[in-house]
Amino acid sequence: MTVDALTDVAGLRVGHATLRGGGRLTGTTVVLAPEGGAVAAVDVRGGGPGTRETDALDPRNVVRAVDAIVLTGGSAYGLDAAAGVMAWLEERGRGVSVGPEPAQVVPVVPGACVFDLGRGGDFRARPDAATGRAAVEAAAAEPAGHPVVQGCVGAGTGAAAGALKGGVGSASVLLASGITVAALVVANPSGSVTDPETGVLYGELLLEPGNVAFPDARVHERARRRLAETSARNGPPPLNTTLAVVATDAALSKAQAQKVAGTAHDGIARAVRPVHLMGDGDTVFALATGTRALDAEGPLALDEILAAGADTVTRAVVRAVRAAETVEGPGGAWPSYTELYGSPWRAS
């Protein structure tokens, strides 16, 4: 049984730590790899990234596998969350061996952050090591193949998708080859996720062009007025960022995983316009657990994974926006897509 989420890649678990109330609107999401880790890579295309340990993922460097990926709010401050994940892994002897004793390890925990500072009202409210530890503990406590909680949770708690509320979304696909490809996204872009003329989500227009119900013109006009009002209240758009983890159970090299991370950015570009701006820190991680062989004799065998990675990222962005809930407080107001346009509906 599949759950149409990142956890359909066997062995991966997702945990959230959400900080809300008292001026807080932020959090951390951890993707926990199976014992032994997963091959990892990264591709950064935003002009203002906030990242950690990404150089270790370069195919030219020594690290071959990682045990966790951290996605966090709090801008660069929030990268402290990775320290809590490192401590949890160290206690379990998980990491790169650096000495003769089993406990002598250094966990490599790559991470990236979104900008959400002040969205709950308190600029100094941000994730820390304790938040990261809570997120990895939540991931470890989940059963195999668990559903992924989506919307305004974890790193998506304070996310904004342009003038709309953003959040966490996930999706997966089982390929004809038997390989699974999945994605988890924190949708927090500077650009818009909706077509300004119709209000339809860009991602739905591209993935399901013949199965999209266009909002009534009066509904769309009311939505435009509401977004204009809240945008004026919030002031100039701050720094943003969309983060993603694309995963597969295929056996990939670091170089192949890096290619997957790179083409997965196409999925963001299909769902957000404009994308990869100087105020964005758009970053995509790729994970490969290696339980299914890739056809070594077929030089183009990777292509189906590349295409599926981009598609699942687009679907995950759509789901993040669909699952988000309206937030209005001292830090600003971000209406949800569902508040403005209603629940998901498809034409027959």
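The model is predicted, and local features need pLDDT of at least 70, side-chain atom pairs count only at pLDDT 80 or more, and totals for chains, interfaces and linings use all residues. Residues are numbered from 1 along each chain as its sequence is written, and side-chain values use heavy atoms, with hydrogens and water left out.

**Two helix pairs**

Let's start with the helices. Here, helices (H or I, at least four residues) and strands (E, at least two) are DSSP runs, numbered from the N terminus. An axis is a line fitted to C-alpha atoms, for helices over the stretch in contact, and angles run from 0 to 180 degrees between N-to-C directions.

| Helix pair | Axis separation | Crossing angle |
|---|---|---|
| α1 (residues 81-91) and α2 (residues 129-141) | 5 Å apart | about 50° |
| α5 (residues 254-271) and α6 (residues 303-323) | within 7 Å | roughly 40° |

Take α1 and α2, whose axes pack at an angle of about 50°. That angle makes α1 oblique to α2. As for the word itself, angles under 35 degrees count as roughly parallel, over 145 as roughly antiparallel, 65 to 115 as roughly perpendicular, and the rest as oblique. The crossing of α1 and α2 is right-handed. In plain words, a crossing is right-handed if the near helix is turned clockwise from the far one by less than a right angle, and left-handed if anticlockwise.

Who actually touches whom? On the α1 side you'll find Ala81, Ala83, Gly84, Val85, Ala87, Trp88 and Glu91, and they meet Ala129, Gly132, Arg133, Val136, Glu137 and Ala140 of α2. Contact means heavy atoms within 4.5 Å. Sorted by class, the contact of α1 with α2 has eight nonpolar, two polar and three charged residues. For that sorting, Ala, Val, Leu, Ile, Met, Phe, Trp, Tyr, Cys and Pro count as nonpolar, Asp, Glu, Lys and Arg as charged, and the others, Gly among them, as polar.

Now for α5 and α6, which cross at roughly 40°. These two helices are therefore oblique to each other, and their crossing is right-handed. Among the α5 residues making the contact are Lys259, Val260, Thr263 and Arg270, while α6 brings in residues including Ile305, Leu306, Asp311 and Val317. By class, this contact of α5 with α6 has nine nonpolar, four polar and four charged residues.

**Residues worth a look**

Is threonine 72 buried or exposed? It counts as buried, at 0% relative accessibility. (Buried means under 20% relative accessible area, exposed over 50%, partly exposed in between, with a 1.4 Å probe and protein chains only.) You'll find threonine 72 in strand β5 (residues 68-72). Leaving aside neighbours within four places in sequence, its contacts include Gly27, Thr28, Cys113, Pro127 and Leu243.

Histidine 220 sits in helix α4 (residues 217-234) and is buried too, with a relative accessible area of 8%. Which backbone oxygen does the side chain of histidine 220 reach? That of proline 196, at 2.9 Å. This is a polar contact, that is, a pair of N or O atoms within 3.5 Å; within protein, one must be able to donate a hydrogen and the other to accept it, and residues adjacent in sequence count only if both atoms are side-chain atoms. Not counting residues up to four places away in sequence, histidine 220 touches Asp195, Pro196, Glu197, Thr198, Gly199 and Tyr341.

Arginine 52 belongs to strand β4 (residues 51-52). Its side chain gets to the backbone oxygen of valine 109 at 2.7 Å. Beyond four places in sequence, the residues touched by arginine 52 include Leu79, Met86 and Pro110. Arginine 52 and alanine 286 are 234 residues apart in sequence and 15 Å apart in space, C-alpha to C-alpha.

Threonine 194 is in the loop between β12 (180-187) and α3 (202-207). With 12% relative accessibility, threonine 194 counts as buried. Not counting residues up to four places away in sequence, threonine 194 touches Leu164, Gly199, Val200, Leu201, Tyr202 and Tyr337.

A cis peptide bond joins arginine 273 and proline 274, with omega about -15°. Proline 274 is in the loop between α5 and β14 (283-292).

Serine 75, in the loop between β5 and α1, has a phi near 50°, a positive value in a residue other than glycine. Aspartate 4 has a positive phi as well, near 55°, and lies in the segment before β1 (13-21).
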